Amino acid sequence: MKKLVAGLIGALIASTANAATVVTADRYLDVQTGKYVEHPAIFVDDMGRITSIADAQTVRWGAEVKHINLAGKTLVPGLIDMHTHLGPADIGGYRFLEYTDSFWPVVATSTARDMLDGGFTTMRVVGSGQWADVGLKQAIEAGYVVGPRIVPAGNALGATGGHCDDTYLPPSAQKDHKEEGIGDSPEELKYQVRRQRKFGAEVIKVCATGGVFSRGDTPGQQQLTEEELRAIADEAHMQGLRVAAHAHGASGINAAIRAGIDTIEHVSLLDDESIRLAKARARPVWFSMDIKNTDYTQAEGRKNGELEENIRKDREIGQIQRDNFRKANAAGVRMVFGSDAGVMPHSMVGQQFAVMVEYGMTPLQAIQAATRNAAEALGKTGDVGAIAVGRFGDMVAVTGDPTANVRLLEAPDAVILGGKQIQKAH
């Protein structure tokens, strides 16, 4: 018996030999099953990936393994926000003209850090000028900046005069050529897909309809044809990239789904056909609905400089979007967490979980939308979205049960990125 016990202990120690860090806690949430695993010891190697998960009550590890002891805590996988921007929320309307061009990538280091401190270890940035998201990703990966994993889109694609074009300035102040990302035919938009990828985009963002915080258009207005949307999707998929489509109005939503686009953003004015198409399509499609930020924009928009027409559009569409979130979720449409951070402060993003629950999700479904589902929609199930062997050691710790009280995720007790505990900046 002594030999058997010694052999088991030896095997356990051997199984942790490649580990640089072990994280222990009271339990972790297996988002695949929705069940808790008690007394985990999660071993992470020096590349930041989980090598094994054992029972902390029986496993042993050497003194060379760093121990992150989160006794009394519950772990969930690092959270994923599928719809973010890098700019601060309190600069609206024409106030962007107060700042020089180099201001935006500099301030992005702060807004991304707010996301990480809030437990979002991965953020998909769906459009930024001058490839600021690509630069931020490079700076984080090189160790110059502390921040989450960035999935960059580069410049968003759209039509001349559309939501993703610059419609704030008169002709005399505009350049004599199209803005980055703008195209007016399938061929021009295919070129823009290739151009964004060339300079580091890992996802393609396209504006299929008008928007709320753009000047001179309406959210429901379709701005690209289905042929143009299909050209973007086909080109991106050939290049190994997925596509996110900003789409408020039903015609644009439905055209984007038929065109093969992977995630539909906002989805505010969906109709029954939108739900039917989303559920029937062979290639999975996901809805990303930002149903928290209207609270902030209605309260703070005028102070921040937002145009009156945009505040009106925001007010008119907000409740409709929330009701349609409930409808889509109840119908069984695949859903991911997307906040539109930058429209509201990045530090507030975790507050969306409670709104998702208020409008029909269980707390577990809301957590899965920001972990398991988001990783599937990104095509990164080998990297993020679960606490599992082979994935990155990205975890969030809270005190209590987030599947009973999802608001615990609004203020995590600890954030671990690649097996390293992040010291909060604030």
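Q: Which residues is L116 in contact with, leaving aside its neighbours within four places in sequence?
A: In this predicted model, L116 is in contact with T121, V146, G147, P148, V415, L417 and I422.

Q: Where is L116 placed?
A: L116 sits in helix α2.

Q: Is L116 buried or exposed, and why?
A: L116 is buried, because its relative accessible area is 0%. The cut-off for buried is under 20%.

Q: How far apart are the C-alpha atoms of L116 and P170?
A: They are separated by 38 Å. Along the chain, L116 and P170 are 54 residues apart.

Q: Back to α2. Which strands does helix α2 lie across?
A: Helix α2 covers residues 103-117 and lies across β6 and β7. Its direction is at about 135° to β7.

Q: What is the strand order in the open sheet of three strands?
A: The order is β6-β7-β8, and the pairing is parallel.

Q: Which are the edge strands?
A: β6 (79-84) and β8 (149-152) are the edge strands. Each of them pairs on one side only.

Q: What does the twist average from one strand to the next?
A: The average is 15°.

Q: How many bridges join β7 and β8?
A: Four bridges, in the parallel sense. Strand β7 is residues 120-125.

Q: Which residue in β8 is the bridge partner of M123?
A: I150 is the partner of M123.

Q: And which strands does helix α3 touch?
A: Helix α3, residues 132-141, packs on the sheet and touches β7 and β8. Its direction makes about 155° with that of β8.

Q: Which residues of α3 are buried?
A: They are A132, D133, V134, L136, K137 and I140.

Q: What do those buried residues of α3 pack against?
A: They pack against α2, β7 and β8.

Q: New topic: hairpins. Which residue takes a positive phi in the hairpin of β1 and β2?
A: G34 does, with phi near 80°. Four residues lie between the two strands.

Q: In which sense do β1 and β2 pair?
A: Strand β1 (residues 21-30) and strand β2 (residues 35-38) pair in the antiparallel sense, over four bridges.

Q: One more residue. Where does Q221 lie?
A: Q221 lies in the loop between β9 (203-207) and α5 (226-238). Q221 counts as partly exposed, because its relative accessibility is 36%.

Q: What does Q221 touch, not counting residues up to four places away in sequence?
A: Q221 touches A208, T209 and G210.

Q: How far apart in space are Q221 and A366?
A: 30 Å, C-alpha to C-alpha. In sequence, Q221 and A366 are 145 residues apart.

Conventions
Residues numbered from 1 in each chain as written. Predicted model: local features only at pLDDT ≥ 70, side-chain atom pairs only at ≥ 80, totals over all residues. Heavy atoms only, no water. Pairing = 2+ DSSP bridges. Axes fitted to C-alpha atoms, helices over the stretch in contact; angles between N-to-C directions. Contact = heavy atoms within 4.5 Å. Buried < 20%, exposed > 50% of the residue type's maximum accessible area, 1.4 Å probe, protein only.
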